[in-house]
Amino acid sequence: MLRQDIKEMIDKNFRGNIYIVQDGKVLYKRENGFEDMPNEVSNTEETKFASASASKV
């Protein structure tokens, strides 16, 4: 699993979804932060994120 210091960093600073998969097995997953901040709707597995220019090659 993840080291404790990495988990703490994720809890404090990360907003989004993390999935760590190896050989088809989910080793770690975490949804953090809000999909809709003004209405305090939390991120879920189904949350869709805009990637904007981040997906350009």
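Predicted model: local features only at pLDDT ≥ 70, side-chain atom pairs only at ≥ 80, totals over all residues.
View 1. Residues are numbered from 1 along each chain as its sequence is written, and side-chain values use heavy atoms, leaving out hydrogens and water. The pLDDT is the predictor's confidence in each residue, from 0 to 100. Its mean over the chain is 84, and 95% of residues reach 70 or more. Helices (H or I, at least four residues) and strands (E, at least two) are DSSP runs, numbered from the N terminus.

**View 2. N43, in the segment after β4.** N43 counts as buried because its relative accessibility is 7%. Buried means under 20% relative accessible area, exposed over 50%, and partly exposed in between (1.4 Å probe, protein chains only). The N43 side chain reaches the backbone nitrogen of E35 at 3.2 Å. Leaving aside residues up to four places away in sequence, N43 touches several residues, including R15, E31, F34 and F49. Contact means heavy atoms within 4.5 Å.

**View 3. D23, in the loop between β1 (16-22) and β2 (25-32).** Most residues other than glycine have a negative phi. D23 is not a glycine, yet its phi is positive, about 55°. D23 is exposed, with a relative accessible area of 79%.

**View 4. E40, in the loop between β3 (34-36) and β4.** E40, a residue other than glycine, has a positive phi near 50°. E40 is exposed, at 59% relative accessible area.

Notes
Polar contact = N/O pair within 3.5 Å; in protein donor to acceptor, adjacent residues only side chain to side chain.
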